[in-house]
Amino acid sequence: MLNLQKIATIYPNHICLPLSPKLQEEAWQQSQAHTNAAACCQAYLNYLCFKSFVPWLEAWLAEEDANVNINNIIAANTCNSLWEFVNGTPIDLGDIRLVLIPSETSDLEEFVVPGEWVDIPSWRKDYYLAVQINLGEPEQSWLRLWGYVSYQKLKSRGIYDQGDRSYYINQAVLTEDITQLLLLPQPDSRPQTAAPPQLSTAVVADLCTQISNPDLYSPRLAVTFEQWAALLVNEELRQKLYQQRLSLPNLAVVNLRQWLQMADSMIAEIWQAVESVLTPPEFSAVRGAEEQVSVEAIAPVIRLLKSNRPEKERAQAAGVLGQIGVGHPEAIAALVELLQVAQDEETRWEAALSLGKIAPDHPQAGISKARLIDLGLQLAGCQMALVVTIRPKTESKIGVRLQVQPINQQHQLPPHLTLSVIAGGETRLQAETRSDEQGAGKDKILQLGFSPPPGTQFQVQVTLDKVSVSETFIA
């Protein structure tokens, strides 16, 4: 990925600004005051955009001795109630009304503008500024204003998509040099159109009940545009809707850190111990051996954890200790040491899970939970489970491992089954089962692993033949 210096060299007419780690952390904290992953991501990008562009704009205007004031800089509470629902940050520059539209995509063939900024009379802008945000290592985190388009040009040459209520306009139509707009702004002749119709008290109450549901990811698409516009332009009502969405519990979101603290009631109600969901033969064999095992019996297993042993053997030995090491400090110490020295990720997972079984209060202990997956299909008698495993990696970060497995370990998973991780409205990770020459499934497990930043909300989706189930988590 290009760093800031290279991107500024390639695009000399674009405004390219750095995104410091401090600003990213500030934006991350600010963005958590939202109800779902899409809204959090939207707020995060807009905060980065706003906090980077406005200081640059103020400095640029002062240097150019421009007799223009930046008006109506939005307050934090207004920001949150806005970004909960719509992408974009409005800025009034004298008599000129602008809106910054940030995106994390690298595909800049089209510029996408939410219809609210175009078709609501009081929200309509003179110019729409396209902002690309790139997040990576410190030198590779930057934003770039890569063009702008006027209201008239967007309406005449843009394409409106009713599906997502947004305007799409080709990159070639945009003007690249933003400073042309700032030096010689020309307000558009905006047509005088009627404001959104007033809604009755009963209709407002009904819409508020519907939109306040925090499980509703895209409230802007849940009602007619006319109704939505009438709600949105009323700042007091929009703030109320935002607060209601925050105050209502989102029961569908599973807090993984509460699993580590053993404080999540969902564990008992929905997410169960893996052993009670999956019934492979090896579990049945060890369940009868839960009585106290002697130190002499444990010692040979501990010796198998040494670094001179094959990695697969070390992982298997770590798993055995999780079954027979209860009450033995020697087993706990051996697993903790293995977590620190093992190079293989699978070995570390086995060590953390075994530590969770024999010393659940240990700060490095992992935990694994499972629940049945119901895709509404017979799947030739193949019942499946989603297994979620977590383990502490640092003081603030956890590792997450996702698996889809058949309940009967003698079965194979169906072919073309996909396991996806979705964050910020985008698919971040995905895996798919394979098929053999006869078209039957050939995989017994589908797996993904990652380490999300603290506070990240993400969705796990399992899909087969266009039928899917999903679970939402927060790390």
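Trainee: In this predicted model, what is the handedness of the crossing of H16 and H17?

Mentor: The crossing of H16 and H17 is left-handed. Two packed helices are described by the angle between their axes and by the distance between those axes. For helix H16, residues 311-324, and helix H17, residues 329-341, the axes come within 11 Å and cross at roughly 145 degrees.

Trainee: Which residues of H16 and H17 make the contact?

Mentor: On the H16 side they are Arg314, Ala318 and Leu321, and on the H17 side they are Ala331, Leu335, Leu338 and Val341. Sorted by class, the residues of this contact of H16 with H17 are six nonpolar, no polar and one charged.

Trainee: At what angle do helix H8 and helix H9 pack?

Mentor: Helix H8, residues 201-211, packs against helix H9, residues 225-232, at an angle of about 90 degrees, and their axes are 11 Å apart. That angle makes H8 roughly perpendicular to H9. In this contact, Val203, Val204, Leu207 and Ile211 of H8 meet Gln227, Trp228 and Leu231 of H9. The contact of H8 with H9 has six nonpolar residues and one polar residue, with no charged residues.

Trainee: How many residues apart in sequence are Gly439 and Pro415?

Mentor: Gly439 and Pro415 are 24 residues apart in sequence, while in space they are 7.5 Å apart, from C-alpha to C-alpha.

Key. Residues are numbered from 1 along each chain as its sequence is written. This is a predicted model: local features need pLDDT of at least 70, side-chain atom pairs count only at pLDDT 80 or more; totals for chains, interfaces and linings use all residues. Side-chain values use heavy atoms; hydrogens and water are left out. Axes are lines fitted to C-alpha atoms, for helices over the stretch in contact, and angles run from 0 to 180 degrees between N-to-C directions. Helices (H or I, at least four residues) and strands (E, at least two) are DSSP runs, numbered from the N terminus. Angles under 35 degrees count as roughly parallel, over 145 as roughly antiparallel, 65 to 115 as roughly perpendicular and the rest as oblique. Contact means heavy atoms within 4.5 Å. Ala, Val, Leu, Ile, Met, Phe, Trp, Tyr, Cys and Pro count as nonpolar, Asp, Glu, Lys and Arg as charged, and the others, Gly among them, as polar. A crossing is left-handed if the near helix is turned anticlockwise from the far one by less than a right angle, and right-handed if clockwise.
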